[in-house]
Amino acid sequence: MGIITIERKVLEKNDEIAALNRKLFKDNKIFVINIVSSPGSGKTSILERTIEELKGKINIAVVEGDVQTDFDAKRVERYNVPVVQIVTNGACHLEAKLVKDALDNIKLDNINFLVIENVGNLVCPAGYDLGEALKVVILSTTEGDDKPLKYPKMFMNSSVLVINKIDLLPYVNCNLDVLKKNALQINPDLKIFETSCTSKEGIKEWCEWIEENVST
Amino acid sequence: MHELSIAQNIIEIVKDYVPEKDYKDVKSIMLKIGEMSGIVADSLEFCFEAIKIDTPLSNSKLVIEKIPFMLFCNKCKSETSNTFGVRICDKCGETDTYVVSGTDMKITEIELDS
């Protein structure tokens with residue numbers, strides 16, 4: 001009987017490709033965020049407001065991830081920014097290899113800000129590095145203030161939390177202070193923004209933060 | 001439900017380490033899975049059992065050791081654990097802590113019958 005002793009991370013292959021993506025982004029001076037959230041929290045809406053606010057100031061490109069359809073890419077295309085749709089055909093998250101392949105369809109030398117919109121899922125995308133600078137988790141007020149405690153891994157692995165749909169706070173059972181307290185218990189280093197894509201509240205602050213991180 | 005793709009990754013990694021002629025002799029694959037790794041051990045075992053049948057590793061099984069989520073507190077210098085994933089020291093309540101273990105997932109040993 002033989003025992004082979006190894007010490008290998010199960011997702012090492014994904015991490016290796018993510019490292020290649022990260023180097024590519026660094027060489028091209030592109031600030032890359034990986035947006036993660038449950039379905040319907042407003043990822044694409046925030047992206048649309050962001051493009052409206054920042055177009056002409058910085059050069060944005062988008063990689064859209066969905067289980068099925070190119071609805072989101074079509075929404076983003078209307079703003080005349082480069083966009084690639086990844087259809088995962090059932091897979092619940094994006095992996096580094098899918099992003100690497102998608103990058104073949106974007107001219108990176110013209111870009112300084114890339115948004116990867118992950119598949120809507122508050123569990124699986126947390127475990128996969130895509131080569132991004134940081135993960136941004138979006139949580140909408142309609143989802144409730146307990147979600148950071150119920151899905152800790154996502155909040156643990158994200159650097160920024162965007163609390164969206166704050167215009168709906170008077171109508172939903174969500175306490176903003178409790179939500180923030182819960183999120184900071186999981187990750188005390190989280191940077192938090194509060195936004196509404198309808199009233200556009202907080203979009204300016206969010207976009208200013210992006211501008212600070214983009215090298216022009 | 002990404003345990004299926006994790007199970008496929010495990011099979012690929014084992015194939016990297018074991019010579020092809022010995023695939024059928026792989027008896028156990030030892031895994032260390034952090035309690036905050038986002039992986040459900042039962043679900044991973046279920047997926048592995050389901051897909052191994054169509055691979056040369058059909059005689060193997062997973063042996064999973066769960067690694068607790070541990071924090072080190074920069075204030076009181078103690079190591080504590082919790083099952084919620086919160087970054088709060090269980091001893092003094094401080095949030096100035098860092099994660100020591102329990103967030104990743106590794107293959108540590110492959111056992112072969114021979």
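1. The contact between the chains draws on 26 residues of chain A and 27 residues of chain B. Two residues count as in contact if their C-beta atoms, placed from the backbone, lie within 7 Å. The model is predicted: local features need pLDDT of at least 70 and side-chain atom pairs count only at pLDDT 80 or more, while totals for chains, interfaces and linings use all residues. Residues are numbered from 1 along each chain as its sequence is written, and chains are lettered from A and ligands numbered from 1 in the order in which they are written.

2. On the side of chain A that touches chain B, the elements giving two or more residues are strand E1 (2-9), helix H6 (152-156) and helix H7 (176-186) of chain A. Helices (H or I, at least four residues) and strands (E, at least two) are DSSP runs, numbered from the N terminus. E1(A) gives the most to this side, with eight residues. By type, the side of chain A that touches chain B has 15 nonpolar, six polar and five charged residues. Here Ala, Val, Leu, Ile, Met, Phe, Trp, Tyr, Cys and Pro are nonpolar, Asp, Glu, Lys and Arg are charged, and the others, Gly among them, are polar.

3. E1(A) pairs with strand E6 (residues 105-112) of chain B in the antiparallel sense, over six bridges. Two strands pair if DSSP finds at least two bridges between them. A:Arg8 has B:Ile107 as its bridge partner in E6(B).

4. Strand E1 (residues 26-34) of chain B also pairs with E6(B) in the antiparallel sense, over seven bridges. B:Ile33 has B:Met105 as its bridge partner in E6(B).

5. An open sheet of four strands runs in the order E1(A)-E6(B)-E1(B)-E2(B), with mixed pairing. Its edge strands, each pairing on one side only, are E1 of chain A and strand E2 (61-67) of chain B. From one strand to the next, the twist averages 20°. Axes are lines fitted to C-alpha atoms, for helices over the stretch in contact, and angles run from 0 to 180 degrees between N-to-C directions.

6. Helix H1 (residues 3-17) of chain B packs on this sheet and touches E1 of chain A together with E1 and E6 of chain B. The direction of this helix makes about 50° with that of E6(B).

7. Within chain A, helix H1 (residues 12-27) and helix H4 (residues 96-103) pack at an angle of about 35°, with their axes 8 Å apart. Residues in this contact include A:Ile17 and A:Leu24 of H1(A) and A:Val99 and A:Leu103 of H4(A). The contact of H1(A) with H4(A) has seven nonpolar, two polar and two charged residues.
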